[in-house]
Amino acid sequence: MRSPTDRHPTDGTLRRLLDEPAGVADVDRDHVAGCPVCLRGLAAAREDAVTAATALSCETTPDVDLAWRRFSAATVASATGSAAARTPAPTRRRLFTLRSPVVAVLGLVVVLGGASAAAAGDWFQIFRTEQVVPVQVSVNDLVALPDLSNYGDLQVTSEPHVHAVADAAAAEQATGLRPPGVDRLPRGVTGEPSYTVGGQVTAEFTFSAEKAARAAATAGHSLPTPPPGLDGSRFRLVAGPGAAEIWSEGRSIPALAVVRLAAPTAYSSGAPFATARDYLLSLPGLPAHLADQLRGFTGAGTTLPLPVPAELATSSTADVNGHQATVLASRDRTVHGVVWVENGVVTGVAGLLGEDEVLAVARHVG
Amino acid sequence: MTTPPGAVRSDLEQVFRRDYPRVLAVAARVLGSRDDADDVAQEVFLAFGRSAVPAGEAPGWLAVAAAHTALNHLRSGRRRAAREKAVADGVGRRDPAPDVAEAVVTRDERRRVRAALARLPRKQAVALVLRHSGLSYADVAAALDLSPGSVGTTVRRAESALRKELSNHAFTD
């Protein structure tokens, strides 16, 4: 026959008795049942547990579908760096926490520089955006992209400091870009637009063979041997300034937004760039089908890849006043956008509009 | 634990859909705000997407990551300050209060709880949050590398400290 021990169980045992009595030894349970000291301890533990449960309660009714869409969209927005002006505040905050894909994609822009000439000495331009071409990716691709900072040092030397301004004149003064005038608004878009501007963003990346080797070793892989001269090579990425004209109508996704941005360019301090490009494309972190797409347009150093996540959007091409434009459509066809490059300026038109409507606006912006 | 370059997690969406509610709940218990908890959940799943954590260990890994990430945000104080300012400014639209007095009381209580959580030793805080999020003693023990027997002690100490913190501050307020 078992008899209760004289030893008082620990506070931890008393606490477990509240939650998982089956996990407490019989001898301890029997002791507590007959011990006024332990019963008082048990009551105190119960009181504290209830207090904690109340203090920590927070109603959450998860909407998993919505959360997955947000996760996908935030990842994509970070990777494209293009949605800040038309996403609600929580997503904007995430742009800062999900910055790695931005870095990775900026790195791809460098890869796509593709200029065949080797740089020597001073900075010189190796990439300038003359057209935008969609690259089919999945959300998993974007999550899996290697972080460029694993392969060297990345410094953002100039931040955009995005902020609202009063009107078109102020936007032009701040950026040197004249906000596009929209002669005739699509049906359902009304009122005056708001204006948001951002300054030039510049970043410099210095390739480090040592850092790359360390990152590869940590992940259990060995990287291809960097070609001679790549270690210590510097690349400068420049984008902006930019200005956006937004008819939000109180929605998180604007009814209409027109964005102008000085087209991204890239410069090298001296690497043989074709060699660097081929090496970066051979890194094991880059999904193979994405690398294949990128290899397809590395010729002239003038094509900006625009990652289009297959789960969220489709892309097609159209003509905007003689320029090839990329048309994007959300899977549910409620949001359309069109982006094209003209004289070193990237212009985008997007909103809760049909394809015909965004193209009509695009073809008539001043 | 990092996913080898090129090895995309094929189970990311499946794990997200299965474990998002718990990750959100863990973060919400720490932060006291559904919006902030959702931000943390997004960060946690991004990290998971880059990791090579076996799918079977994902629930525990995600819960611990949610608790740590939320506590990191809490201790940085920035999100809390921003959220409280938003509530004070009447911008916290997802969390409307029926009247101003109730909003102020709720805000003060939440602030006290968050401050008390931030002062707890990290292991106690994580154990407390995981236990109150429904993880078993065995799960908490495995997640925090504790013996199951010491989970009760850790949780008990955390609850006692939390109650004292709340009592002290309620008394001094």
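**Helix packing and backbone features in a predicted model**

Reader: What describes the packing of helix 1 (residues 12–31) of chain B and helix 2 (residues 34–49) of chain B?

Author: In this predicted model, the two helices pack at an angle of about 135 degrees, with their axes 8 Å apart; axes are lines fitted to C-alpha atoms over the stretch in contact, and angles run from 0 to 180 degrees between N-to-C directions. Residues are numbered from 1 along each chain as its sequence is written, and side-chain values use heavy atoms, without hydrogens and water.

Reader: Why is helix 1 of chain B called oblique to helix 2 of chain B?

Author: Angles under 35 degrees count as roughly parallel, over 145 as roughly antiparallel, 65 to 115 as roughly perpendicular and the rest as oblique, so the angle of about 135 degrees makes helix 1 of chain B oblique to helix 2 of chain B.

Reader: What kinds of residues make the contact of helix 1 of chain B with helix 2 of chain B?

Author: They divide into 15 nonpolar, one polar and four charged, where contact means heavy atoms within 4.5 Å; Ala, Val, Leu, Ile, Met, Phe, Trp, Tyr, Cys and Pro count as nonpolar, Asp, Glu, Lys and Arg as charged, and the others, Gly among them, as polar.

Reader: Is A:His161 buried or exposed, and how do you know that?

Author: Buried means under 20% relative accessible area, exposed over 50%, and partly exposed in between (1.4 Å probe, protein chains only); A:His161 has 61% and is therefore exposed. A:His161 also has a positive phi of about 50 degrees although it is not a glycine.

Reader: What makes A:Asn343 count as exposed?

Author: Its relative accessibility of 75% does so, and A:Asn343 lies in the loop between strand 14 (336–342) and strand 15 (345–351) of chain A.

Technical notes
Chains are lettered from A and ligands numbered from 1 in the order in which they are written. This is a predicted model: local features need pLDDT of at least 70, side-chain atom pairs count only at pLDDT 80 or more; totals for chains, interfaces and linings use all residues. Helices (H or I, at least four residues) and strands (E, at least two) are DSSP runs, numbered from the N terminus.
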